[in-house]
Amino acid sequence: MFAALALFAAIALVVARQPVLGAIAGALAAAAAILAFLPMRRVQDPVPTERNIEREAEVAHSPAIAPAEYRIPPTLDADAILHSLADAVAPVAPAVAAHLWLEDPSSATLRLVASVGPMSPAPQPISIDDAILGKSVRDGSAALAPLARVQSGGVERVIWRFATPLSPGNARGVVGVDISVTVDPDGMQLARLTAPLRGAIAGSLALHVAKVETEMATALIEVARDLSRRLDPDEVLSSALNTAMRISEAATGSIMLTDASTGRLTIAKAQGLPSEVVRDTSLAEGEGIAGWVLATGQPLLIEDLPARPKSGRRHGIRSAVSVPIADSDGTLGVINVGSRGFPARFTESHMRALETLGKQTAVALRNANAVTASRELYFDTLKALALALETKDPYSGGGTERVLSYATAMGDAFGLPGDQREALRVAALLHDIGMAATGEPVGSLQRPLSTVEHGLLKLHPQIAAEILQELPALRAVVPIVYHHHEWFDGHGYGGGLSGESIPLGARILAVADAYVAMTSERPYRHAMSQQQAVAELTDKAGAQFDPAVVAVLKDLLSTGGDRAPERQRR
């Protein structure tokens with residue numbers, strides 16, 4: 001019943017243009033069908049099926065060996081089946097290992113799926129040219145050959161390996177069993193003893209392939225969901241690289257993007273690579289592995305030679321996969337992952353998964369770039385509005401951009417998240433739009449303010465907040481603008497807040513605004529020097545201003561410019 005349902009699911013998924021999921025369902029159907037015909041039963045005398053062992057002619061004259069009693073497990077668990085395989089060959093000799101391998105055509109290697117026994121092989125891929133396991137896969141026939149000689153209790157024993165090819169679906173593999181003997185084993189007898197288990201072993205290999213494909217598909221579905229929520233290009237690249245490293249279990253990884261002006265590839269994100277490599281790498285189309293992938297739009301899996309000298313390897317990488325970041329609109333860059341081991345774990349499944357990831361990344365990156373371009377246009381529009389309002393006051397020229405610069409740098413020093421950082425930047429532009437309600441710019445008056453003018457001046461944060469509140473896209477800006485004239489000790493105006501109950505963005509804006517105001521010319525006084533303004537801020541720290549914010553501005557000014565100071569405050 002399960003096999004039938006899985007088969008119908010496979011057909012439905014293929015019709016629905018989901019070939020990867022259809023292949024997985026098909027593999028599960030095949031595995032279920034094999035399992036259905038493998039009930040638990042006691043094996044007494046299996047019928048020989050191998051006809052190509054060299055000693056076939058001698059079988060008729062060799063003495064019969066009574067088969068051991070063993071059970072075919074009612075499961076496709078690889079370890080359980082391999083234990084049964086080891087039990088099956090007991091009439092010939094004790095097994096020291098049983099192991100299952102899957103061929104990876106892209107790297108011409110066999111990859112270990114499972115193994116049992118005290119002398120199990122190392123979990124390293126082996127070449128398809130291997131004299132026993134590889135020969136069995138290449139020739140499509142069983143193979144038997146000596147593997148090693150060992151001394152035990154003064155008796156010399158020989159480890160022989162018997163290999164049988166497997167072909168579940170489109171996959172190819174091989175199962176091997178290693179036995180310890182004092183005389184040459186009978187290959188036909190081994191073939192007869194292991195024949196009843198071959199269906200179960202093939203089913204186990206098919207199930208392994210299905211599980212791998214399912215895990216890859218699940219990872220890609222998860223990253224597609226994650227990328228669809230990313231609206232920042234940097235976050236898209238980080239998510240894509242993390243996923244590439246995880247599904248390939250790579251030692252190094254990078255995402256290279258094409259420069260719009262030069263067309264050359266440069267590294268935008270990297271893990272496991274030296275900083276100078278990230279900084280200095282620049283490839284033209286067709287240059288190197290990544291350049292070839294960019295030029296052809298085709299993925300590439302490279303397996304290095306084991307004997308290649310270290311001086312000939314690039315950053316210690318001996319195996320690599322590179323795939324294009326491309327969609328129907330073109331190629332944006334390349335995803336690279338690398339391994340310092342040889343042979344690497346990379347398989348054709350990894351390359352297909354990474355190729356799909358490259359397509360997903362291209363779509364997400366284009367969307368994020370479009371959103372970023374839209375935000376920049378929107379911000380530039382707001383900036384133009386703020387500068388237009390600024391022209392009403394001849395003494396405030398350039399002040400808005402200076403407030404923006406200092407507020408942004410301090411926000412970066414505090415590590416504000418992207419949305420809060422953007423809100424602070426907009427607030428720095430628009431925090432004084434409420435001043436328009438006072439009529440003549442109060443900053444240019446050479447006389448004392450009247451009571452009405454003073455009252456209107458204190459109302460300008462509230463007026464600005466009410467204006468911005470009407471714009472849904474700017475509502476995150478409102479608390480910063482409304483509270484930027486609060487005092488740290490609670491004696492300011494706005495909401496009467498104090499200390500850290502004042503939004504951090506408002507505390508940052510208050511310091512930036514005050515510093516720019518003190519260092520700007522006014523009709524009633526000259527601009528203060530940097531040293532004088534810093535001294536005034538320091539004197540008012542703890543009363544009017546947040547001491548932590550004042551300290552960050554001092555750090556910023558000590559670095560001599562507009563960049564954020566290295567010391568960050570949380």
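The crossing of α12 and α15 is right-handed. A crossing counts as right-handed if the near helix is turned clockwise from the far one by less than a right angle, and as left-handed if anticlockwise. The model is predicted: local features need pLDDT of at least 70, side-chain atom pairs count only at pLDDT 80 or more, and totals for chains, interfaces and linings use all residues. Residues are numbered from 1 along each chain as its sequence is written, and side-chain values use heavy atoms, with hydrogens and water left out.

Two packed helices are described by the angle between their axes and the distance between the axes. Axes are lines fitted to C-alpha atoms, for helices over the stretch in contact, and angles run from 0 to 180 degrees between N-to-C directions. Helices (H or I, at least four residues) and strands (E, at least two) are DSSP runs, numbered from the N terminus.

Helix α12 spans residues 418–430, and helix α15 spans residues 504–518. They pack at an angle of about 40 degrees, with their axes 10 Å apart. That makes α12 oblique to α15. Angles under 35 degrees count as roughly parallel, over 145 as roughly antiparallel, 65 to 115 as roughly perpendicular and the rest as oblique. On the α12 side, L424, A427 and A428 take part; they meet G505, I508 and L509 of α15. Contact here means heavy atoms within 4.5 Å. By class, this contact of α12 with α15 has five nonpolar, one polar and no charged residues. Ala, Val, Leu, Ile, Met, Phe, Trp, Tyr, Cys and Pro count as nonpolar, Asp, Glu, Lys and Arg as charged, and the others, Gly among them, as polar.

α15 also packs on helix α16 (residues 530–540). The angle is about 140 degrees, and the axes lie 9 Å apart. α15 and α16 are therefore oblique to each other. Their crossing is right-handed. From α15 come V511, A514, Y515 and M518; from α16 come Q530, A533, V534, E536 and L537. The contact of α15 with α16 holds seven nonpolar, one polar and one charged residues.

A further partner of α15 is helix α17 (residues 547–558). The two axes come within 10 Å and cross at roughly 50 degrees. That makes α15 oblique to α17. This crossing, too, is right-handed. L504, R507, I508, V511 and Y515 of α15 touch V549, V550, L553 and L557 of α17. These residues divide into eight nonpolar, no polar and one charged.

A search of the whole structure finds two cavities of 30 Å³ or more. On a 1 Å grid over the protein atoms alone, a cavity is a set of points where a 1.4 Å probe fits but cannot get out; lining residues have an atom within 4 Å of a point. Grid points are joined across faces, edges and corners, and a volume is the space filled by probe spheres set on the points.

The largest cavity has a volume of about 70 Å³. Its lining includes H483, W487, A506, R507, A510 and V511. By class, the lining has seven nonpolar, two polar and three charged residues.

The second largest cavity has a volume of about 50 Å³. L85, F162, T164, V175, G176, V177, T194, R198 and I201 line this cavity. Two or more residues each come from β5 (155–166), β6 (173–181) and α6 (198–229). β6 gives the most, with three residues. The lining of the second largest cavity has five nonpolar, three polar and one charged residues.

Definitions and conventions
1 Å grid on protein atoms, 1.4 Å probe; cavity = no way out; pocket = protein on both sides within 12 Å on 5 of 7 lines; lining within 4 Å.
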